[in-house]
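Colleague: I am new to this structure. Can you walk me through how to read it?

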Amino acid sequence: MGGVGKTQLAADHAESQWAAGAIDLLVWATATSRESVLTGYADAAARIISPVATVPARMAEQLLTWLAQTTRRWLIVLDDLQDPGDLTRLWPPTIATGQVLVTTRRRDVALARADRTITDVNVFTSGEADAYLHDVLADRPYLLEGADELARNLGYLPLALAQVAAYLLDRDLTCSEYCTRLADQRTKLPDLLPGPGELLPDDHRNTLAATWSLSLRLADRMEPAGVSRPLLVMASLLDPNGIPTVLFTTPAVLRHLEKVLDKKVTAEQARDALYIAHRLNLATIGRETPNRMIRMHALVQRAIGETTSESDRENAARVCADALLFVWPPVERDTAFAQTLRSNTDALLVNAEAHLWAPRGHEVLFRAGESLGGSELLAAAITYHENLCASAMHYLGPDHPQTLTARYALAEWRGETGDSHAAVSALTGLLPDLIRILGPDHEDTLGARHSLLHWKGQFEPAARTAAADGLLPDLLRVFGPQDDRVLRLRLDLARWLRRSGDLVAAVEALHSVLADQQAALGADHPSITKTRFNIAMCRGEAGHPLDAVAMLEELLADEFRVFGASRPHWQLSIRAEVAYWQHEAGDTVAAVAVLEELLVDQVRLGGPDHPRTSYTRRKLEAWRQPLSMHPDPEIPGRSREGT
């Protein structure tokens, strides 16, 4: 990419070869255009071979012929090649006495040949960046405070480090003080670097922004013309560490491109435009399958963003959000892809939060929170929804329906962490606002009543049936008997029967719910797995542990088939129950084998000190002893509710 120091490396090589006496002739030609190459060749020819011709093209031909025939040792450096086609019939000859060194941001296939070696030049390593800053700031070592943070924030880009170091020296700023200025998005990048009229360090020809503007202009001219720029504006708002390329071919993006360019743009053209950015090293497209990722340097993103109008940023932000929502799968089987979508939503929030709340909150904001909770990253889900509530309050006000939705979601995830009292407190405060603003029959109002009943029932069993008797008729009246909300309340009632010890009534109720769920929702709906789990638990608690094991193992197989690894903690709970009922059936060897595998995954997901991990470790030690110990069914290592 521009700014990694290709020219400096080429100059170092050329000077080293000359100083060592390894070459007799050194020609340095700027290769930004075919004309500049011809001019450089003609100038060299005039100096060394007294050509007969006076036209640059003929003089260049004579120089190349001479290079192919001479016994002199030579090095030709062609610096900053911008179009491989400019060197057609102008490549120096391949001979034993000659070297050709080309610097370019391009990585076109046309550059690759058997007699050429392509070397990718990357940014500094952290160690190289640290050594560079210590060297350039050696006379004022107090400025090095925060050097590691500065290098990280600049993405270890050599050009950025060089120009920022000059900026620090000119203003006597520490690295930490500069980081504070850099973090202020109101300050533009050119204001944080030496200006065009100032002496640039390390023989750089251009400022940071100018370095990339050349590539941006070239990208905009290449076919499909005009498409790359709006795509790069979108990419500048997303996660620099990995943006799914599939986002840029979604219907929302294609409609946006057609509106911006006033012409039809196909998915194939959008994809080709992305690869233009890749070929020019403005971005890097990985070869991961099936989800190829595009990566951009954070400073390239900032430079693009700062040259984009606010209205264009707003439009791009909304389109990014639409694209993220479009590709977000309803069932997150690929957990890495789900994390990538959440990371890109987070980046979009950082770069364009206000645009995502006008005129109302974009649905992707709520989908990202749901994804966190659904992936059972509960602490992160709580923090996310606390921020979501604060933003909704700020942008929309306390009585906006989306503010109420955010409050509702936060209460739910607090309950899922085991803090039933906090969930009840939040829902008790929310319910009157829902009734006042949305009405008593709104789905969120009825949902909050169900949630309040659910979480209150965790510590007030006596309140369950009475409250459910009031809620069930309202749900039936508003949604009908086959709606998932009605079926979930019936499932709750059946679970409470099980917990009260009335297994006969619980099993009858659970089978009735299961039949209606399968008819209304399909065999693989998430709610059905909870019903099947409770049926298996009833079977084991009724004195048939082997039946419970068989039912739970079948359930676990279906879980992985339908949901993949997207519900890890729920799947760990099922595995824990398999081990428990195997032990209850007297097969301690099999139970220990299950717990050993379970412990490895619990440590990986929750850490070695998580309560469930600690419980599994203690139980494993006990079951390995000759006399087994029966666990208390209410110990937090086991999922008695079917979360």
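Modeller: Start with handedness. A crossing is left-handed if the near helix is turned anticlockwise from the far one by less than a right angle. Keep in mind that this is a predicted model. Here, helix 25 and helix 26 make a left-handed crossing.

Colleague: At what angle do helix 25 and helix 26 cross, and how close do the axes come?

Modeller: Helix 25 covers residues 568-584 and helix 26 covers residues 588-606. Their axes come within 8 Å and cross at roughly 160°. Angles over 145 degrees count as roughly antiparallel. Helix 25 and helix 26 are therefore roughly antiparallel to each other.

Colleague: Which residues of helix 25 and helix 26 meet?

Modeller: From helix 25, they include Leu-572, Ala-576 and Ala-579. Arg-575 and Gln-582 of helix 25 take part as well. From helix 26, they include Val-594, Leu-595, Leu-598 and Leu-605. Glu-597 and Asp-601 of helix 26 are also among them.

Colleague: Now helix 22 and helix 23. At what angle do they cross?

Modeller: Roughly 155°, and the axes come within 10 Å. Helix 22 brings residues including Leu-503, Val-507, Leu-510 and Leu-514. Helix 23 meets them with residues including Ile-528, Thr-531, Ile-535 and Cys-538.

Colleague: How many bridges join strand 1 to strand 2?

Modeller: Six, and the two strands run parallel. Strand 2 covers residues 74-81. Across this pair, Ala-29 stands opposite Leu-78. Thr-30 has Asp-79 as its bridge partner in strand 2. Six bridges also join strand 2 to strand 3, again in parallel. There, Leu-78 stands opposite Val-102 of strand 3.

Colleague: Which residues of strand 1 form the covered face, and which the uncovered one?

Modeller: The general idea is simple. In a regular strand the side chains alternate between the two faces of the sheet. In strand 1 (residues 25-30), Leu-25, Val-27 and Ala-29 form the covered face. Leu-26, Trp-28 and Thr-30 form the uncovered one.

Colleague: How many residues of strand 2 are buried?

Modeller: Buried means under 20% relative accessible area. Eight of the eight residues of strand 2 are buried, so strand 2 is largely enclosed by the rest of the structure.

Colleague: What is the order of the sheet with antiparallel pairing?

Modeller: It is 4-6-5, another open sheet of three strands. The edge strands are strand 4 (243-244) and strand 5 (284-285), and each pairs on one side only. Two bridges join strand 4 to strand 6 (residues 293-295). Pro-244 stands opposite Met-293 in strand 6.

Colleague: How many residues are in the largest nonpolar core?

Modeller: It has 97 residues. Those with the most contacts inside this core include Leu-150, Tyr-178, Leu-231 and Phe-248. Another core, of 23 residues, lies apart from it, with Ala-42, Leu-64, Leu-81 and Leu-87 among its members. Take Leu-231 as a case. Beyond four places in sequence, its contacts include Phe-248, Val-253, Leu-257 and Leu-274.

Colleague: Last, is Lys-264 buried or exposed?

Modeller: Exposed means over 50% relative accessible area. Lys-264 has 65%, so Lys-264 is exposed. Lys-264 sits in the loop between helix 10 (251-261) and helix 11 (267-279). Not counting residues up to four places away in sequence, Lys-264 touches Glu-258 and Gln-269. The C-alpha atoms of Lys-264 and Leu-254 are separated by 8.2 Å, and these residues are 10 apart along the chain.

Conventions:
Residues are numbered from 1 along each chain as its sequence is written. This is a predicted model: local features need pLDDT of at least 70, side-chain atom pairs count only at pLDDT 80 or more; totals for chains, interfaces and linings use all residues. Side-chain values use heavy atoms; hydrogens and water are left out. Two strands pair if DSSP finds at least two bridges between them. Helices (H or I, at least four residues) and strands (E, at least two) are DSSP runs, numbered from the N terminus. A nonpolar core is a set of buried Ala, Val, Leu, Ile, Met, Phe, Trp, Tyr and Cys residues joined through side-chain atoms within 4.5 Å. Buried means under 20% relative accessible area, exposed over 50%, partly exposed in between (1.4 Å probe, protein chains only). Contact means heavy atoms within 4.5 Å. Axes are lines fitted to C-alpha atoms, for helices over the stretch in contact, and angles run from 0 to 180 degrees between N-to-C directions. Angles under 35 degrees count as roughly parallel, over 145 as roughly antiparallel, 65 to 115 as roughly perpendicular and the rest as oblique.
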